[in-house]
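Biologist: I have the sequence and the coordinates open. Can you walk me through how the pieces pack?

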Amino acid sequence: MKLLSKEKIVLNGKASDKYEAIRMAGKLLVDAGHVTEEYVDKMVEREEIVSTYMGGGLAIPHGTKEAKSMISSTGLSVVRFPEGVDFGGDEPAFIVIGIAAAGGDHMEVLTNVAMVFTDESNLERIMNAQTEEEIAEILEGGMEG
């Protein structure tokens with residue numbers, strides 16, 4: 001199973017706040033069969049403890065440690081918010097990437113996603129992407145490097 005497929009990507013998300021944004025990213029993971037519904041609550045719970053906003057328009061919500069048992073397979077979801085969502089940072093988050101990492105994958109997946117965005121041109125490319133496939137290619141290409 002691919003980490004990311006077009007079914008798990010939303011190009012034009014709209015959310016009134018960061019919790020709604022996180023639930024959108026989480027629901028994509030649930031619908032794809034990576035996690036149970038409860039995992040989404042754990043994503044929200046983690047956000048209440050510590051913001052998953054990474055800066056540069058990017059947020060990477062994921063569940064708490066207790067949520068491990070709710071993950072059946074590793075996967076990503078991506079919701080792009082053209083108008084941005086306030087995550088409490090200096091600027092809004094435009095890209096919210098939901099992460100579910102099974103077993104010991106967690107740090108590796110998180111690091112790989114963060115690495116893609118250390119190249120700022122990738123953020124711009126994702127913001128300008130016309131299709132879900134384009135976004136998947138940018139992320140997967142960056143993660144394989």
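Biologist: Which residues of helix 3 meet helix 4?
Modeller: This is a predicted model, to begin with. In it, Val116, Phe117 and Thr118 of helix 3 are in contact with Glu120, Asn122, Leu123 and Ile126 of helix 4.

Biologist: What classes do the residues of that contact fall into?
Modeller: The contact of helix 3 with helix 4 has 4 nonpolar, 2 polar and 1 charged residues.

Biologist: And at what angle do helix 3 and helix 4 pack?
Modeller: About 90°, with the axes of helix 3 (residues 106-118) and helix 4 4 Å apart. The two helices are therefore roughly perpendicular to each other.

Biologist: How many bridges join strand 4 to strand 5?
Modeller: There are 7 bridges, and strand 4 and strand 5 run antiparallel. Within strand 5, Val96 is the residue opposite Val79.

Biologist: Is strand 3 parallel or antiparallel to strand 5?
Modeller: Parallel, over 2 bridges, with strand 3 at residues 58-59 and strand 5 at residues 93-100. Leu58 has Ile95 of strand 5 opposite.

Biologist: How many residues of strand 5 are buried?
Modeller: 7 of the 8, so strand 5 is largely enclosed by the rest of the structure.

Biologist: Next, the other helix pair. How do helix 1 and helix 2 pack?
Modeller: Helix 1 (residues 18-31) packs against helix 2 (residues 37-49) at an angle of about 150°, and their axes are 9 Å apart. An angle over 145 degrees counts as roughly antiparallel, and helix 1 and helix 2 are therefore described that way. The crossing of helix 1 past helix 2 is right-handed.

Biologist: Which residues of helix 1 and helix 2 meet?
Modeller: On helix 1 they are Lys18, Tyr19, Ile22, Arg23, Gly26, Lys27, Leu29 and Val30. On helix 2 they are Glu37, Tyr39, Val40, Asp41, Met43, Val44, Glu47 and Glu48. By class, that contact of helix 1 with helix 2 has 8 nonpolar, 1 polar and 7 charged residues.

Biologist: Which residues of helix 2 are buried?
Modeller: Tyr39, Val40, Lys42, Met43, Val44, Arg46 and Glu47. Their cover includes helix 1 and strand 5.

Biologist: One more. Where is Met70 found?
Modeller: Met70 is in the loop between strand 3 and strand 4.

Biologist: Does Met70 count as buried or exposed?
Modeller: Met70 has 18% relative accessibility, and the cut-off for buried is under 20%, so Met70 counts as buried.

Biologist: What does Met70 touch?
Modeller: Leaving aside residues up to four places away in sequence, Met70 touches His34, Val35, Thr36, Glu38, Tyr39 and Lys42. Met70 and Tyr39 are 31 residues apart along the chain, with 5.8 Å between their C-alpha atoms.

Note on methods
Residues numbered from 1 in each chain as written. Predicted model: local features only at pLDDT ≥ 70, side-chain atom pairs only at ≥ 80, totals over all residues. Heavy atoms only, no water. Axes fitted to C-alpha atoms, helices over the stretch in contact; angles between N-to-C directions. Parallel < 35°, antiparallel > 145°, perpendicular 65-115°, else oblique. Left-handed = near helix turned anticlockwise from the far one by under 90°. Contact = heavy atoms within 4.5 Å. Nonpolar A, V, L, I, M, F, W, Y, C, P; charged D, E, K, R; others polar. Pairing = 2+ DSSP bridges. Buried < 20%, exposed > 50% of the residue type's maximum accessible area, 1.4 Å probe, protein only.
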